[in-house]
Amino acid sequence: MLAYARDRRRFLLFGRRRQVDSETHRHRAEVLLESLLTLGPTFIKLGQLLSTRPDVLPPAYIDVLASLQDDVPPAPWPGAKRVLEAELGPVDERFAEFDTEPISGASLGQVYRARLEPDAETGDGDGVDGDAAATPADGERSRDVAVKVRRPDIEALVRADLRVIKWSLPILLYFVDDARSFSLENLAEEFSKTIREEMDYEREAEMLAEIRGNFAGDDRFMIPDVIESHSGPRVLTMEYVEGTKINDVEELERKGIDRTTIAENLERSYLQMIMDDGVFHADPHPGNLAVTDDGRIVFYDFGMSGRVDPFVQEKIVDFYIAVANQDIDGILDALVEIGTLSPDADRGVMAEVMEIAIQDARGEDVEQYRVNQIVGQIEDSIYEFPLRLPKNLALVLRVATVVEGVCVTLDEDFDFISVATDYLTEQGYREESIRQYIDETGRQLRRTGESLTRLAPKAERALDRLDRDDLHVRIGVEDSADVFEDLAKRLVYGMLLTMSLFSMGVLYALEAPRASVVAAVFAVFVTIQLYRSFRSPTSIGTRPQFTRQNLRQRRDE
């Protein structure tokens, strides 16, 4: 992290900014990745969260950290068994069978496959599909389940790691600019909250049940049922649902499953969760998504899930409507209102960035010369990083970026915007937007008419004052670029330099060598300051990333 800070200030606390190539960033990101894996579960989770924060780290870091998974060796069975039996009682009494080899492991917990006795209680029976609830016929046979167990002694480790992060944050904030400080502080708060929520399996069960209820009756999706009788704060037992990993394209193709339909259904499910329901599954990476043989999408692991407040929902709808209408000004307005885009950002440059982003999201090829042109404009005009991420939007951004990546993996030419547009139209959002636009236009026309009736008398009074030579015009000069301040500095530095050179000559002539050396040193210092006042600021070195072009490039490599 100190190396990254040096990229922003050559000597950490002072000095000009440096341009660092992507290879250097990539090397440092790989070193950071190894450090996070060494530090353990909490820092692995932190790395996963950082991989979704382009407002904090450069693209090369995001690219490297995106490959970070819960690559943690499973805890030995005796420790996991201790946690399991403390919550549920003896394993042999509660389960008909229990496989002690975990089927998946994560930094905070691990999942085992087991089987319940035929007469065991199997949950509340509410479900997305008819097979989810236990029927009388189901009660006559045993039931396969997945048992998620929290890692032993993980609570103390997480508390210690969070203290380290909390103590380290003020030091890190000292080396970054205001925009990234805003994002980093929100990131720390969000991370602390998220990791504590992810360790609470009772909360996960509640979120799972709520999301499951929201999709009740929709046979395109399958969400495992919670087995409440075998669950607790540190253990979560769910029905076991098999499926093909959603990014296993070859296997899906072999089974004759329409990948484009799967991608469309996946996007629609998250649009519904975020725009309509206000509660969503926030960890849609391929390890948590599968597809059944009949083409239903299965969601796993609701430890990372979140809620969207009504204001954010409204602004997200405004954003997507503006995207659907290709209304660039509307997109920028929505981003400013939601707090993601700085009001001081160069709207001209950001508008062109949004146009390219829309082109990419539609699956169209982005012309490289346009990318280079935008990069040049960014480097010439944006000195403050214009994008920041409020804490209530972090998980939403994670969902949007990861879901698009999964959809593009399923169908390289998938049109993300077209599906969103169809969804907005079907749900009546665009119709409501048009109605609001017509109402607002009517109000504007009424106010315009009222203004026109007042314009003629005011114009007549102004002309009368002009005719009497009684009209005064006050002019104010805005100096947002601090031109006058720079000019004043240069004048002062110039006078000081002249004075110091003159003093140096006089002192030398009077045979006062020590005093003349002091005058010479002062002259050198003033010369440096004068030179720096004429230099232009150095912008951040940035390169836009485009999902599909990166995907094609990686496939080619």
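Which residues form a negative surface patch? Glu460, Asp464, Asp467 and Asp469 do.

## About the model

This is a predicted model, in which local features need pLDDT of at least 70 and side-chain atom pairs count only at pLDDT 80 or more, while totals for chains, interfaces and linings use all residues. Residues are numbered from 1 along each chain as its sequence is written, and side-chain values use heavy atoms, with hydrogens and water left out.

## Surface patches

Patch residues have over 30% relative accessible area and no salt bridge; like charges are joined within 9 Å, and nonpolar side chains (Val, Leu, Ile, Met, Phe, Trp, Tyr) within 5 Å. Areas come from the Shrake-Rupley method with a 1.4 Å probe, and for residues only the protein chains shown count as cover. Asp and Glu count as negative, Lys and Arg as positive, with His and the chain ends not counted. A charge is placed at NZ of Lys, CZ of Arg, CG of Asp or CD of Glu.

Glu460 sits in helix α18 (residues 429-467); helices are DSSP runs of H or I, at least four residues, and strands are E runs of at least two, numbered from the N terminus. Glu460 is exposed at 52% relative accessible area, where exposed means over 50%, buried under 20% and partly exposed in between (1.4 Å probe, protein chains only).

## Salt bridges

The whole structure holds 24 salt bridges, each a side-chain nitrogen of Lys or Arg within 4 Å of a carboxyl oxygen of Asp or Glu. Arg143 pairs with Glu239, with closest N and O atoms 3.6 Å apart. Arg143 lies in strand β4 and Glu239 in strand β6 (residues 235-239), so this pair ties together parts 96 residues apart in sequence.
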